[in-house]
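User: I am new to this structure and would like to go through it in short questions. Please show it before we start.

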Amino acid sequence: MIPPDHPRYRSLVTREHLAECARKGIVSWEGLTAHGRGEAFDYLIGERTTPGAALAEETAAALLRRARHPVISVNGNTAALAAKEIAGLQRASGALVEVNLFHRTEERIALIEELLRDAGVEVFSGTAERLLPLSHDRAWCRRDGIFSADVVLVPLEDGDRCGALVAMGKTVIAVDLNPLSRTARTATLTIVDEVTRAIPQITRACGRLTDDECGNLAACVDNDYLLSEAIREMTTRLSHALD
Ligand code: PTJ
């Protein structure tokens, strides 16, 4: 039992929840180590949404609002951490939600889809095909889902698929706390923020932005600037730690 007055209460509760989801088969065991890496980077940005991340989240909302066929790609960690938040973003953006896994089994797909449906997500399901040019199982997706999307939101992605989606001409929005990752550097737009903070911010911006604001934001996506801002936030905090 984690005492609520523990200074790291929220972090410990989240870890316990992810461990429980791993025991149920929703989160992969590897997903627990991915979460740990994310936590380390979250420390470095102060466990808060930085101004650069807030701009990236508004821009993500603009790209989703202007999309012809937006899709949110969900993996085990994202479902375990943010199923309700995904439901809210789906309502605000009209995006399809499709499960796509690195450690893919039919059993995990079914468990994650059930978790999402219980949280109010309308899941785009059905027969998947090996459609993406990848040697691993993230290649499996639905022809009318991720394969034909023009904008794909990919929280906690691996760099390979991100690169493949960009090479297919898609606008790829990544959520990744590591601004140095291949995903972060390959995506069209990277949100360097924790997924449970990022998704509600995108949802709010979807409801708030005017069409003109969406047009302006979508016209000036500058991922290099956003990544350099995230790295600047981290190095500033590190240098203050030595004061
Ligand atoms: O459920 P599956 O089988 O699809 O597997 C999912 C994982 C996450 C295991 C898989 O996609 C993977 O191996 O991802 P990577 O390559 O470890 O990348 C995950 C990235 O997400 C890392 O750069 C982490 O820093 C980042 N990250 C981890 N937790 C969070 C996060 N970013 C935002 N919010 C988080 N909570």
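User: Which residues are linked in a network of salt bridges?

Analyst: A salt bridge is a side-chain nitrogen of Lys or Arg within 4 Å of a carboxyl oxygen of Asp or Glu. The model is a predicted one, in which local features need pLDDT of at least 70 and side-chain atom pairs count only at pLDDT 80 or more, while totals for chains, interfaces and linings use all residues. Residues are numbered from 1 along each chain as its sequence is written, and side-chain values use heavy atoms, with hydrogens and water left out. The network links Glu 98, Glu 113, Arg 117 and Arg 142.

User: How many salt bridges does a search of the whole structure find?

Analyst: The network of Glu 98, Glu 113, Arg 117 and Arg 142 is made of such bridges. Arg 197 and Asp 42 also meet in a salt bridge. For the whole structure, the search gives 19.

User: How many residues apart are Arg 197 and Asp 42?

Analyst: Their side chains meet in a salt bridge, at 2.7 Å from N to O. Arg 197 belongs to helix 8 (residues 195–208) and Asp 42 to helix 2 (residues 29–44); helices (H or I, at least four residues) and strands (E, at least two) are DSSP runs, numbered from the N terminus. The pair links distant parts of the chain, and the separation is 155 residues.

User: In the salt bridge of Arg 104 with Glu 106, how far apart are the closest N and O atoms?

Analyst: Arg 104 is buried, at 18% relative accessible area. Glu 106 has 55% relative accessibility, so Glu 106 counts as exposed. Between these two residues, the closest N and O atoms are apart by 3.2 Å.

User: Which helices hold Arg 182 and Asp 160?

Analyst: The side chains of Arg 182 and Asp 160 meet in a salt bridge of 2.9 Å, N to O. Arg 182 is partly exposed at 47%, and Asp 160 is partly exposed at 35%. The bridge ties together parts that are 22 residues apart in sequence, because the two residues lie in helix 7 (residues 182–186) and helix 6 (residues 159–167).

User: What is the relation between the directions of helix 4 and helix 5?

Analyst: Two packed helices are described by the angle between their axes and the distance between the axes. Helix 4 (residues 76–93) and helix 5 (residues 106–118) pack at about 20 degrees, with axes 10 Å apart. Angles under 35 degrees count as roughly parallel, over 145 as roughly antiparallel, 65 to 115 as roughly perpendicular and the rest as oblique. Helix 4 and helix 5 are therefore roughly parallel.

User: How many nonpolar residues are in the contact of helix 4 with helix 5?

Analyst: Contact means heavy atoms within 4.5 Å. Gly 76, Ala 79, Ala 80 and Ala 83 of helix 4 meet Arg 108, Ile 112, Leu 115 and Leu 116 of helix 5. Ala, Val, Leu, Ile, Met, Phe, Trp, Tyr, Cys and Pro count as nonpolar, Asp, Glu, Lys and Arg as charged, and the others, Gly among them, as polar. The contact has 1 charged and 1 polar residue, and the nonpolar count is 6.

Notes
Axes fitted to C-alpha atoms, helices over the stretch in contact; angles between N-to-C directions. Buried < 20%, exposed > 50% of the residue type's maximum accessible area, 1.4 Å probe, protein only.
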